[in-house]
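Good morning, and thank you for coming. Please look first at the sequence and the model on the screen, and then I shall walk through a few parts of the chain.

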Amino acid sequence: DGEWTNVGDAVECVIEALRGAERSSGIKIETLYYNFDDPRMEVLRPQASRNLPGEGQIQAADIRQVRETAERMASHFEKKAAYATPLHFVIDDKDVVADPLGVFGRKLDVEMYLLLARSDYCAMWNKVIKRSHVARGIPVLSALSTARGILPKADRSKKRLIADLGKDLVNLFLFEKGKIQDYSVHLCS
């Protein structure tokens with residue numbers, strides 16, 4: 001809920017919750033998936049291009065490289081990508097496709113949708129996970145877990161506007177085709 005005031009208190013809360021879960025389930029928790037929110041999340045839509053040799057078939061490596069280029073263009077030291085997904089690809093400046101794998105072309109463009117979180121905020125979470133003695137912590141954007149938790153699989157492809165009301169934050173996002181299409185965080189006063 002909002003900003004942290006004490007990392008030590010957060011560690012104690014996480015440890016207490018983990019131990020309770022381990023006692024009730026009878027298993028040792030080694031991986032922790034946790035809801036992640038940054039009240040100062042930033043939305044970016046970077047674009048990148050990749051010229052392909054000849055007119056060849058687009059490979060997974062080509063898609064990965066053009067996506068990584070777009071993410072690098074948007075990144076900076078103060079912010080880190082908390083969520084990244086391609087909105088669409090364009091082949092040879094004319095054909096818009098959702099998945100270019102296997103299509104023939106000379107040039108591949110991508111428009112990405114990025115949600116950037118503060119690097120120091122991500123580092124605080126990493127400290128909490130490490131001090132909680134969990135082998136691995138995996139952040140899951142809370143909007144993504146909310147959408148997947150409340151929407152039946154059949155509804156995840158349809159366009160849905162979801163408001164996730166928290167104690168001091170409201171996450172408002174557009175979810176369609178299994179992805180976050182637009183997102184904003186609003187602080188409650």
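**Around helix α3**

The buried residues of α3 are covered by elements that include α1 (7-25), β1, β4, β6 and β7 (136-141). Contact here means heavy atoms within 4.5 Å. Helices (H or I, at least four residues) and strands (E, at least two) are DSSP runs, numbered from the N terminus.

Before I continue, a word on the basis of these values. This is a predicted model, in which local features need pLDDT of at least 70 and side-chain atom pairs count only at pLDDT 80 or more, while totals for chains, interfaces and linings use all residues. Residues are numbered from 1 along each chain as its sequence is written, and side-chain values use heavy atoms, with hydrogens and water left out.

The pLDDT is the predictor's confidence in each residue, from 0 to 100. Its mean over the chain is 88, and 97% of the residues reach 70 or more.

Let us return to α3. Which of its residues are buried? They are Tyr121, Cys122, Trp125, Val128 and Ile129, where buried means under 20% relative accessible area, exposed over 50%, and partly exposed in between (1.4 Å probe, protein chains only). These residues cover an arc of only 115° around the axis, which puts them on the same side of α3; the arc is that of the directions from the helix axis to the C-beta atoms. On the other side of α3, Asp120 and Lys130 are exposed. After the helix comes His133, with a positive phi near 60°.

Rings of Phe, Tyr and Trp (its six-membered ring) pair if their centres lie within 6.5 Å; planes under 30 degrees apart count as stacked, over 60 as edge-to-face and the rest as tilted. By this rule there are two aromatic pairs. Tyr34 and Trp125 are stacked, at 4.5 Å centre to centre with 15° between the planes. Tyr34 lies in strand β1 (residues 31-36) and Trp125 in helix α3 (residues 119-131), so this pair ties together parts 91 residues apart in sequence. Phe36 and Tyr121 form an edge-to-face pair, with 5.7 Å between centres and 65° between planes. That pair also links β1 to α3, here across 85 residues.

Now to helix α2, residues 60-74. Its buried residues are Asp62, Ile63, Val66, Ala70 and Ala74.

Finally, the nonpolar cores. A nonpolar core is a set of buried Ala, Val, Leu, Ile, Met, Phe, Trp, Tyr and Cys residues joined through side-chain atoms within 4.5 Å. The largest has 32 residues, of which Phe36, Met41, Phe173, Phe175, Ile180 and Tyr183 touch the most other members. Two or more residues each come from α1, β1, β6, α3, α4 (142-150), β9 (169-176) and β10. Another core lies apart from it, with 14 residues, among them Leu52, Met112, Leu114 and Leu116.
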